[in-house]
Every structure is written in structure tokens, then in C-alpha cells.
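Here are my notes on this one, for when you have a moment to look it over. Have the structure open while you read.

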Amino acid sequence: MNKCKYKIIENKEIAKDVFKMILEGNTECITKPGQFVNIELEKFYLRRPISICDYDEKTITIIYKVVGHGTEKMSELEAGKELDILTGLGNGFETKLSGDKPLIIGGGVGTPPMYRLCKDLIKDNKKPIVILGFGSKDDIFYKEEFEKLGITVYISTVDGSVGTKGFVTAVMKTINDFTYFYACGPMVMLKAVCEATDIDGQVSLEERMGCGFGACMGCTIQTKKGSKRVCKEGPVFMKEDLIWE
């Protein structure tokens, strides 16, 4: 974990209520796709945990949706503003288990961490297939960025305005030759994905957090291996370890 000041390079809306922020600063503690940052905002008691979409030697890219006062405040921040951020949080995805043709599933704002995951899998000579699920065409983001990686991208929308009508599981039914799966999105989506296939996989859970690094125990869940903190032992968990209620 690293605590540093990061400068906002860019903060712009890329879809309905969805913003992309590029931050300049130390990235040495980020080691795996699926990790997250925890951002301190003025006049807010708790930091805001946001998944990492991408990073390089000097910058971090995050994508977030305005859903409350905290993220609304974030959307108003301008380039040049410095933020106090904890980085390198969470365990991230394990790419060595993917097999040759992993299926990558992102639902809504669960999409961003799957982008870096895809890049890392491609670097390892894997051939990922991507399913991105959204509510409607106005909610879609990063489709072109995934396609530029040279991979097949399927889109599902609840209202059928783009791609397959329905949820990501509707697309899953048409893909029979994947070797493993990775998923990030709402709990109801993750449960449905896990129940839709017998193939092994990893899921990244969305959970309210307090400290973001395991001290407060506020994001603890029950798994088949006992109590686990989503911010510390997660947010990524093996499919077989999860208990769905």
C-alpha cells in the first residue's frame, strides 16, 4: 500500500454520469489488475474506493459513476487539483489460471478493471473474449477501447438498444468454448454468472468499505473459507469459495 499525492491530469464525462479520471503519481504499489485506490475528498469522512482501469509508470486511470455526493464532488474536480490517495489496495486477479481463451465479463461500472486484465492476458498470449453489460446505449463506455486491443467484444443492454437484449448471461449462453472466466459488476450479476456455468472463475465483489485496507472489518463477508475482508483478502475471490444467499 502506498499513500501519496496525485495530480489530476484529466477528468471528463465519457457516458451518462460516468467519468474518466487520469491521475499522475507513484504507481509502484500496483501489481495486479483488479486492485483499487481509495481517494480522500475534502469535507468527506470516508475515502472513496475506485477500481483501477489502467496504469503505467507515471499515471493511473480510473472510471467512476456519479451515484452520491462523494462521486458528484469528484466529477467537479478540475485538472491540476491534487488528491491524497491510497494505492495498491486489494488482491487483484490471478491471470495464471486463465487458460488460453478466458471469458471477461464486466457489468456497468464493473467494466473498468477488466480493461487492464485484458491487456495483461493478451501480453501473456491469451485470447480473451469480452462481454460488457449495460442498461442502455447511453450507459455504454470503453467498447472501442476494448476492441482496439484486437479482441471480440459482445454488448448486452437491458433495454435491447445495443447488442443482445437482456443481461450478460444471455450472451454467455452463446459462447461455449471459453477456458475460464473473470467477472466484475453488481452482486446480482455475479451470482447469475457463477450459476450460469460449471467452468471455474474469479469474481471481483462490489462492497461498501470503511478504511479500505482491512483495519475496520466493515466489509467482511462469509465465505466457505471463513470470514474475509473484501478490501484486503478481496475484492477478487474464487468462484468456488463464495456463498450466495
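The points below go through the sheet, the helices lying across it and the nonpolar cores.

1. Keep in mind that this is a predicted model. Start with the open sheet: 7 strands, ordered β10-β9-β8-β7-β11-β12-β15, with mixed pairing.

2. Look at the two ends of that order. β10 (164-165) and β15 (236-238) are the edge strands, and each has a single partner, so one side of each has no neighbour in the sheet.

3. For a parallel pair, go to β8 and β9 (residues 152-157), which are joined by 6 bridges. Within that pairing, V130 has V153 of β9 as its bridge partner.

4. Helix α2 (residues 112-123) lies across β7, β8 and β11, and runs at about 165° to β7. Helix α5 lies across β7, β11 and β12 (201-204), at about 170° to β11.

5. Which residues have the most contacts inside the largest nonpolar core? They are L103 and I105, in a core of 27 residues. Two or more residues each come from β6 (82-89), β7 (102-107), β8 (129-134), α4 (168-172), β11 (180-184) and α5 (187-196). The largest share is that of α5, with 4 residues.

6. Beyond its neighbours within four places in sequence, I105 is in contact with M114, I131, V168, M172, Y182, A183, C184, M189 and V193.

Definitions and conventions
Residues are numbered from 1 along each chain as its sequence is written. This is a predicted model: local features need pLDDT of at least 70, side-chain atom pairs count only at pLDDT 80 or more; totals for chains, interfaces and linings use all residues. Side-chain values use heavy atoms; hydrogens and water are left out. A nonpolar core is a set of buried Ala, Val, Leu, Ile, Met, Phe, Trp, Tyr and Cys residues joined through side-chain atoms within 4.5 Å. Buried means under 20% relative accessible area, exposed over 50%, partly exposed in between (1.4 Å probe, protein chains only). Contact means heavy atoms within 4.5 Å. Two strands pair if DSSP finds at least two bridges between them. Axes are lines fitted to C-alpha atoms, for helices over the stretch in contact, and angles run from 0 to 180 degrees between N-to-C directions.
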